[in-house]
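The paragraphs below go through a structure step by step, starting with a whole chain and ending with a single residue.

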Amino acid sequence: MKKSFRLVALLMALCMILGVFAACGDKNSSSTASTGSKASTEGSKTDDGSKAETPEAGDLDTSNEVEVVMYVVSDRPAKQDEIDENMNKIFKEKLNTTLKVNWIGWAEYTNKYPLLFSSGEEFDLSYTATWLNFSSLAQRGAFMELDELWPKYAPKNYERQSQAALEQATVNGKLYCIPTLLPTYSSQGPIYRTDILEGTDWDGKMENFDDLEVYCDYVKQAAPEMEPLNVYSSGLGFYAWYLCINSNYKASVGGNGVPCYFDVTEDKPTVKVDYQIDQIRPYLEMTHRWNEKGFWSKSALSDTDSQKVQGGKAACTIHNIDTYEGRAIDYPERNFKYADFRKDVSYLPFTQDALVVSGTAKNPERALALYDLITSDEETYRAFYNGIEGVSYEIIDGQIKNPDPDNYGFSACWAARTPEFNLPSVGSPQVVADLKAEWDNYIKEQDGKGAARFASFVLDTSMMETEYAAIRNVNQEYWLPLELGFVDLESGLADYQAKMEAAGIEKVLAEMQKQLDAFCESHPAK
Amino acid sequence: MKKTGFLHELKKNKALFLMVAPAVLLVFVMSYLPMSGLILAFKDYKFNLGVFGSPWNGLENFRFLFQSGKGWLITRNTIFYNLLNLVTSQFLAVFVAILISEMAGKVYKKVTQSVIFLPYFISWVIVGTFVFNIFNFETGVLNNVVKFFGGEPVNVYSMPGVWPWIICIFNSWKWVGYNSIIYIAAITSIDAECYEAADIDGANVFQKIWYITMPSIKPTIITMLLLQVGRILRGDFEMFYQIVGNNGQLFDRTDVIDTYVFRSLLQNSNFGMTAAASFYQSVLCFVIIIVVNAIVKKVEEDYALF
């Protein structure tokens, strides 16, 4: 009898061990993330955002030291420790705060980034972006709502936000992110090298698609070993750009892989999917002709090399002005040029680069105050974003340079950049600054007309995720080969159309139309 | 006092129970506890509510698999590829194992085995590069050879029909060395006296292979097959992703459940849909393994897994 009691006791002990194991899951993460922040948060152990009310308006208690944890997406530079130490000295002095930046590498961010929010790990700030699924994550409750916290603890930043930026940061009626203050432009155009055509009778004209075709013809002759256009597995993707130049369908809704557009000049525009717009035929005829001329490889869709322009294997790529700036600085001998075909440039959504407060944040107040300081005080900004003067950055005639890119890098929290602190890189062509100034003027002149009127329209996709998944697949399977001219135009287009209908495009269009109509009600044309 | 029942058993074999405890514990913690996460497949997941607090949404998460009729196609492709790979790679492995064990020179034998084993260590990323450099229309090895002999270059990337075979060849090439090890071990353990007796009776090499080697390794072959069948709904994601990548021209013939799910859900954060796909695979796998095992049991009871 006694023996069997001992056995029962043993079994119970086993169960307890098991219980400990099971509990480990949530305990572990909290103990690792909150080291250093224990002291500060008396009484705020719930993380439902209700603690926003507890501190009295505006004044932040900085009497105890707090560690703020931030996540960014990029590879950590080798000597980042030095930069961290330097910036923390300044943060400590000004705000009695230290910042711990965790880096999620490029190789793992697709998996790790969403898991940050589902694991329940406690951290305060994170970089986010449209390409990191900001709105989908916000709809699923990953972030802390900022309606009260932001104006209270980051007032300088809040005041400078434009109306459009605030609306873009709003999901289901609540603010969920702090968009960047630095505008980026909806420009897109060919970045093409001119050194290979020296000595030919090419006239150097680059103003429209015909000129681009002429340029590619010349490249074919002058440098036959080179592909004229940089096309790889992500496809061609010129259609939105083509529409911007050749039609009034300048605004796209739907995002990556869901190609819907509307006419920005109409009072109440109708949303259309790509094949419903008349330009589809001339566009596809053009790309089919380009394919026959061999402007890209017949195996382009299996090519994963996206860096063919840098590698000298392709002559031209279509991208934005910031990419052009990078190419021009890196390869001055190739004499890169940039042309923007479209006249109607607008700002890209400011949520392109943004910062969120995690739903699990322990010190949202201090974190926001720190971010306010970074985006408003130059010394703090330089220490945070650029690092140590003379070591990780040098400023020469108002242009900035990283003298040792192997060991140091600028911050990957790109959202923190502001128009006055963000400097062009050393060697940046004058045309970049000129074009940006020109666009700023143009946007001011437009005064919210045309594409700008719809800048703050954000589509809520939460009720059509199933259709979205199916449409993205159709886009990849049928549209990309069709666009590149790998399948017959007529039968390919009919096929694509049928598959899109089967994937539920009608439902998506109806939903988009509903949301756009509601937007037009509240934002009438000027 | 009763002398049967669990407590009595526990008392009698307490040392054995103690020894098995860590393994049971491990399986429980690693395999059974996470199973509660399966309910995610039926939930509209919200980060702030967690797995158990999120609202239920019925079968909504499964809908994307079957929207536009893709579900059947990818299930069929997955089963087809796994069957093809199962048969070819196991058949080749047995073939290679017999060849190697029949070889005479010791050094030659070891070198051959190592060379055949080598592809196992090459990652699919590298293999993907090989494939692209062989079949590239303009600069690929294949078309250069074709052009050298005066032929018309072929665009393999516009012929989805040949891809099952390309994938099958690369899969066999990569796995044959690894799989053959098990068969070599099985062959080595066959009693040498059987072969000596056969020699005396005047049996030739082929007769010895057919009448001695094959029957002796039959249980190994069946066990290996059964173990592989359990994974039949799981495509080797990395292989498909690296060889086919995002080339939509080939999807009709090469898309398996894993690649479809990856592509569909890469751009949204809906864990429920991912869980639903994995739930669907697991349930089908379970059904298939039960059925196959029942068939094996009926034919030859000793060879069944359970």
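How many helices and how many strands does the secondary structure of chain B have? In this predicted model, chain B has 15 helices and 0 strands. Chain B is more spread out than a compact globule, because its radius of gyration is 25 Å, well over the 19 Å that the globule rule gives for 306 residues. The C-alpha trace of chain B spans about 80 × 70 × 35 Å along its principal axes.

The next point is how the residues of chain B are placed. Of its 306 residues, 40% count as buried. Among the contacts in chain B with a separation of 6 or more, 66% are between residues 24 or more positions apart.

In chain A, one residue can be followed in detail. Where is Gly294(A) placed? Gly294(A) is in the loop between α10 (280-292) and β12 (314-319) of chain A. Gly294(A) counts as buried because its relative accessibility is 15%, and the cut-off for buried is under 20%. Leaving aside neighbours within four places in sequence, Gly294(A) is in contact with Lys220(A) and Pro228(A). Val72(A) is 222 residues away from Gly294(A) along the chain, and the C-alpha atoms of these two residues are separated by 41 Å.

Key. Residues are numbered from 1 along each chain as its sequence is written. Chains are lettered from A and ligands numbered from 1 in the order in which they are written. This is a predicted model: local features need pLDDT of at least 70, side-chain atom pairs count only at pLDDT 80 or more; totals for chains, interfaces and linings use all residues. Side-chain values use heavy atoms; hydrogens and water are left out. Helices (H or I, at least four residues) and strands (E, at least two) are DSSP runs, numbered from the N terminus. The radius of gyration is taken over C-alpha atoms; the globule rule is 2.2 Å times the number of residues to the power 0.38. Buried means under 20% relative accessible area, exposed over 50%, partly exposed in between (1.4 Å probe, protein chains only). Contact means heavy atoms within 4.5 Å.
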